[in-house]
Amino acid sequence: MTARKLITTPFTATSTADEVLAGVDLTGVRAIVTGASSGIGAETARALAAAGAEVTLAVRNAAAAVLGPRSRVARIDLADQMSVRRFAQEWDGPLHLLVNNAGIVTGGPAYTAQGWELQFATNHLGHFALATGLHAALARGAANRGEARIVSVSSTAHMRAGVDFADLHFTRRAYDPQIAYAQSKTANSLFAVEATRRWTADGIFANTVNPGGVATGLQRNFSPAQKESLAAAEAAGIFTYKTVEQGAATSVVAAVAPQFAHTGGHYLDDAQEAYTVPDDAELADHPHGVKEWALDPATAERLWRVSADLTRG
């Protein structure tokens, strides 16, 4: 069987969000960017609005969001399913682009009121509930523009762990914040795979992006061990730091590039579709790859069913 050719774009690791959007007119596009009060999310929202999109900054701390032209702020706490449900219910009209950008890192054990591990609850389950709650709006957006897109922001951290269905919330195994984060980032990718399978007929396509190493507020809760691990990875050449503008570029590629029109379930790295590596591959050897467990259709379908059961109101 001949391997499918990977999708490529003219952009690189050093491209910025504005460079990706040069000459692109997003007038009439309605977009939501979660976690848009700082870092990559704020830059993604700013760049989309500068290109003409009407952007909603979906944030936990509305006071921290910086409003620009064609943007507004709406509060959402992704760790709180009631907050997510309220946000989706209050959305009015079509939606053309959903960027599931927000994410948290914990330095130790943390759980929601339901007993869900906080990183999985926020990074995956919150975004899952948001996307499913906005499905009808996305379908309306696709009907009037030809397609709607979802961008799911993951990380190279996904290579550390798949999804442990026997212990999603670390009630049996020792808690490791890095493994918990990795599980949530793998889940982000699996969401895009299954969302595309389920919603292609509605004109909705989801892709996953790895923004690369960007110094943001995400690292503020790192434990000493996490900081040492990050420093060791940088020293080993696994990644080099990008600017926020460069980090947002791959999200914007997935959001607007014609190469990703009407196609989903892909994982992007440095503005290109990443190559797939076996589950036992080492991150140090493949810093720009994506593990099979993050793209496996059967695992994606199982995770969707589990997530739907957990988030059902």
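The legends below describe close-up views of a predicted model.

Residues are numbered from 1 along each chain as its sequence is written, and side-chain values use heavy atoms, with hydrogens and water left out. Local features need pLDDT of at least 70 and side-chain atom pairs count only at pLDDT 80 or more, while totals for chains, interfaces and linings use all residues.

View 1. Eight strands form an open sheet with the order 3-2-1-4-5-6-7-8 and mixed pairing. Strand 3 (71–75) and strand 8 (272–273) stand at the edges with a single partner strand each, so one side of each has no neighbour in the sheet. Strands (E, at least two residues) and helices (H or I, at least four) are DSSP runs, numbered from the N terminus; two strands pair if DSSP finds at least two bridges between them. Strand 4 (residues 97–100) and strand 5 run parallel and are joined by four bridges. Leu 97 stands opposite Arg 149 in strand 5.

**View 2. The second largest pocket.** This pocket has a volume of about 260 Å³, the space filled by probe spheres set on grid points that are joined across faces, edges and corners. A pocket is an open set of points on a 1 Å grid over the protein atoms alone, where a 1.4 Å probe fits, with protein on both sides within 12 Å along at least five of seven lines; lining residues have an atom within 4 Å of a point. Of its 14 lining residues, Val 29, Arg 145, Glu 147, Arg 149 and Ala 255 lie nearest the centre. Strand 5 and helix 9 each supply at least two lining residues.

**View 3. Helix 9.** Eight of the eight residues of helix 9 (residues 249–256) are buried, so the helix is largely enclosed by the rest of the structure. Buried means under 20% relative accessible area (1.4 Å probe, protein chains only). Ala 255 is one of these buried residues.

**View 4. His 158 and its surroundings.** His 158 lies in the loop between strand 5 (148–153) and helix 6 (177–199) and is buried at 0% relative accessibility. Its side chain makes a polar contact with the side chain of Tyr 267 (3.4 Å); such a contact is a pair of N or O atoms within 3.5 Å, where one must be able to donate a hydrogen and the other to accept it, and residues adjacent in sequence count only if both atoms are side-chain atoms.

View 5. Phe 170, in the loop between strand 5 and helix 6, has phi near 55°. Ala 271, in the loop between strand 7 (267–269) and strand 8, has phi near 70°.

Key: Buried < 20%, exposed > 50% of the residue type's maximum accessible area, 1.4 Å probe, protein only.
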